[in-house]
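Hi everyone, thanks for coming. Please bring up the sequence and the structure on your screens, and we'll walk through a few spots together.

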Amino acid sequence: MPTGPDPVAGDHAAADRPAAGVRLPLRRRLLPVIALLLLAPWAAECSWGGFAIDDFLPVLIFLGPMYGGAAILIRETARHLGAGWPTIVLLAAAFGVLQAGLVDQSLFNPDYLDDTQYADTRAAAEATLVPGLDVSLRQAFDYVGNHIVLTICAPIVLIESFLAPERRLRPWLGRPGLAVVGVLYLLGSLLIFSDINQDKGFLASPLQLAFAAVVVVALVAVALLPRWHRARPRRARRVPHPLWVGLLVVLVRLGSDLTPGWAGVALALALAAAAGALIAYWSSGNGWGQRHALVAGTAGLVTAAAFAYLVPPYSPASPAAALAGDVAVTVITVALVGGAWWRLRR
């Protein structure tokens, strides 16, 4: 079984990277970049039923620079540093706070979903408002958590699983390429900020913006700690079958929505922390491989796709368009996850 990145603990990237002098042709390095640029926005907004099928292409065009750009920058930062999944997860959390707190400001805008088919979720969100900040802890967990799982981690682990082992942990872009992606991300974020600000007419308070900025900086600082860049020897430890790892992630996802209010938020945080600790323990064993990482990273995506049939899209759509979108989500998810699994078995 090939050794690859694990979802929470270090994936020994520094020890497994190929020689720095080996450089692939530009075409081969750009293919996974383009794939991640397109997959990230689709996973973030379409994979759970947020849009009908006729909106898939506009989502990729308008949200690709922001979501895809962030996924590429996070992945490349970690791989250039020789860091593993702890860095990716922490940077994904920083992006989630940046996106929901500073760009679209959905964390602080109580009217954000009022013009969508999710307006009825406002009461549940207001049940967990943090005094002084006027931010719903329930929404914060959902928004940031979905960005970690769907926008960043699932697309990265899927694309890396299609690559050969010697390319899996290598950077795809040099400094010029990273600069281009960085500009693309900034322009995409500014476009979304201006569009939403004009549409919603909302701007968070200075205290709220400062709070979000401090959290982002703190998460980035922790993500870049040298400890995540050091290779650690694998331990002789029994590792469960990858499907058991996926089942754990699915149960955590389902359990996070069992109870409303503060009790529900506490339960969701406890389940996420316990699952993260258990996966970190498993991933330090020498039997942990890329198939484990694939299942752990995409179990949330599979769960979201399965429940897409039960949730409405943001905007009203005809039953046929909504159903076609849900079926397309199923087909795409099965093709991606099944294809990556088959690729790793080869």
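**A walk through the helices and salt bridges**

Let's begin with helix H10: its buried residues pack against helix H11 (261-283), H12 and H13. Before going on, please keep in mind that this is a predicted model. Which residues of H10 are buried? They are Pro 242, Val 245, Gly 246, Leu 248, Val 249, Val 252 and Gly 255. If you look at the spacing in that list, here is a handy bit of background. An α-helix has 3.6 residues a turn, so residues three or four places apart point the same way. As for its length, H10 covers residues 242-255, which is 14 residues. From first C-alpha to last it reaches 20 Å, close to the 20 Å expected at 1.5 Å a residue.

Now for two of those partners, H12 and H13. Helix H12 takes in residues 290-306 and helix H13 residues 319-345; their axes are 11 Å apart, and the two pack at an angle of about 170°. Are they roughly parallel or roughly antiparallel? Since angles over 145 degrees count as roughly antiparallel, H12 is roughly antiparallel to H13.

Who meets whom here? On the H12 side we find Gln 290, Arg 291, Leu 294, Val 295, Thr 298, Leu 301, Val 302 and Ala 305. Facing them from H13 are Val 329, Thr 333, Val 337, Ala 340, Trp 341, Leu 344 and Arg 345. Sorted by class, this contact has ten nonpolar, three polar and two charged residues.

While we're in H12, find Ala 293, which also sits in this helix. Ala 293 has a relative accessible area of 2%, so it is buried, because buried means under 20%. For a sense of distance, the C-alpha atoms of Ala 293 and Asp 104 are separated by 31 Å, and these two are 189 residues apart along the chain.

Next, a stop at Gln 208 in helix H9, residues 206-223. Is Gln 208 buried or exposed? With a relative accessible area of 7%, Gln 208 is buried. Which residues does Gln 208 contact, leaving aside neighbours within four places in sequence? Those are Phe 108, Leu 133 and Asp 134.

Let's turn to the salt bridges. How many are there? The count comes to ten, and I'll show you three of them.

One joins the side chains of Arg 75 and Glu 76, at 2.7 Å from N to O.

Asp 111 is partly exposed at 38%, and Arg 122 is partly exposed at 28%.

The last one takes us back to H10, whose residues run 242-255. The side chains of Arg 253 and Asp 257 meet in a salt bridge at 2.6 Å, N to O. Arg 253 counts as partly exposed at 37% relative accessibility, and Asp 257 counts as partly exposed at 46%.

That's the tour, and I'm happy to take questions!

Key:
Residues numbered from 1 in each chain as written. Predicted model: local features only at pLDDT ≥ 70, side-chain atom pairs only at ≥ 80, totals over all residues. Heavy atoms only, no water. Salt bridge = Lys/Arg side-chain N within 4 Å of Asp/Glu carboxyl O. Buried < 20%, exposed > 50% of the residue type's maximum accessible area, 1.4 Å probe, protein only. Axes fitted to C-alpha atoms, helices over the stretch in contact; angles between N-to-C directions. Helix = DSSP H or I, 4+ residues; strand = E, 2+ residues; numbered from the N terminus. Parallel < 35°, antiparallel > 145°, perpendicular 65-115°, else oblique. Contact = heavy atoms within 4.5 Å. Nonpolar A, V, L, I, M, F, W, Y, C, P; charged D, E, K, R; others polar. Expected span 1.5 Å × (residues − 1).
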